[in-house]
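Please look over the sequence and the model below before reading on.

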Amino acid sequence: MKIAILGGTGDQGPGLALRWAMAGEEVIIGSRSNERAEKVAAELNAELAQDGAKTRIRGTDNVTAAGEAETVVLTVPYSAHVSTLESVKEQLRGKVLVDVSVPLDPEHPRRMKMPAAGSATEEAQAVLGPDTKVVAAFQNVAAHLLRDPHHPIDCDVLVCGDDAEAKKTVMGLVAKMGMQAYDVGPAESARVVEGLTSILIRLNIRHKVKGGGIRLAGLPR
Ligand SMILES: NC(=O)c1ccc[n+]([C@@H]2O[C@H](COP(=O)([O-])OP(=O)(O)OC[C@H]3O[C@@H](n4cnc5c(N)ncnc54)[C@H](OP(=O)(O)O)[C@@H]3O)[C@@H](O)[C@H]2O)c1
């Protein structure tokens, strides 16, 4: 699987890239700047080399990355959500877009500020149209946990979207990272999944931790 991570130079992208590369997937880091993408890819490759991993990560601009990949992951700040999606709309036709975005209120980061579409995921589907299958995942997983690929992550991944096959693909990618994915329904469920992140942020602050996550109970694992 060739996976592009748009905005993969930030906090959330590199951990996803490392974990998929370690599982043998082909990963492309995307950025607005070719140079920045190559620099981050080189840093991640140095880590992979230390672990003896055979796969290598490449870096290029977001549009090229989206064009080359089969599955594309969007990890830009929510403020850049619509503009980034519009910039790669053509490249995403016929593909799966994994949206990790959490529309937190920039003035009150413990609160959500949902877009008119209902959630970032539904907004992405509306921007991209029916030719791209949008799937929500990873909203409740902290970046620094992903970034340490030698430690298992104590968090389940809630996956939702309107296309069953696309969700299966993404659940397979979650499993490759050693995490349990649950299909929690249509894109509309993202209103809850994205919103859970604001609760996790509150809990992290209250308990003075950084990596609070969610675990579902009473279900087959
Ligand atoms: N951080 C977490 O723990 C976490 C957890 C769950 C979900 N999320 C979600 O994941 C997404 C990414 O979070 P993050 O913490 O990784 O964000 P980030 O580090 O602030 O930004 C990620 C990358 O986005 C690109 N970017 C920044 N501003 C941009 C703009 N105006 N237009 C286009 N690209 C821009 C930058 O890449 P270039 O400059 O190289 O283009 C940056 O490295 C967010 O939607 C967030 O809600 C984050």
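Helices (H or I, at least four residues) and strands (E, at least two) are DSSP runs, numbered from the N terminus. This is a predicted model, in which local features need pLDDT of at least 70 and side-chain atom pairs count only at pLDDT 80 or more, while totals for chains, interfaces and linings use all residues. Residues are numbered from 1 along each chain as its sequence is written.

**Overall fold**

- The protein contains eight helices and ten strands.
- Its radius of gyration, taken over C-alpha atoms, is 16 Å, close to the 17 Å given for 221 residues by the globule rule (2.2 Å times the number of residues to the power 0.38), so the protein is as compact as a globular protein of that length.
- Of the 221 residues, 43% are buried, a term that applies if 20 or more other C-beta atoms, placed from the backbone, lie within 10 Å of a residue's own.
- Two residues are in contact if their C-beta atoms, placed from the backbone, lie within 7 Å; among contacts between residues at least 6 apart in sequence, 71% join residues at least 24 apart.

**Around the ligand**

- There are 22 residues around the ligand, of which G7, G10, S31, A80 and A143 come nearest; a residue is near if its C-beta atom, placed from the backbone, lies within 6 Å.
- This shell is made up of eight nonpolar, eleven polar and three charged residues, where Ala, Val, Leu, Ile, Met, Phe, Trp, Tyr, Cys and Pro count as nonpolar, Asp, Glu, Lys and Arg as charged, and the others, Gly among them, as polar.

- Eleven of the eleven residues of α1 are buried, so the helix is largely enclosed by the rest of the structure.
- After α1 comes G24, which has a positive phi, near 95°.

**Loop residue P149**

- P149 lies in the loop between α6 (143-146) and β9 (157-161), and because P149 has 23 C-beta neighbours inside 10 Å, P149 counts as buried.
- Leaving out residues up to four places away in sequence, P149 touches L18, R19 and M22, which are among the buried residues of α1.
- Although P149 and W20 are 129 residues apart in sequence, their C-alpha atoms are 9.7 Å apart in space.

Notes. Buried ≥ 20, exposed ≤ 12 C-beta atoms within 10 Å, placed from the backbone.
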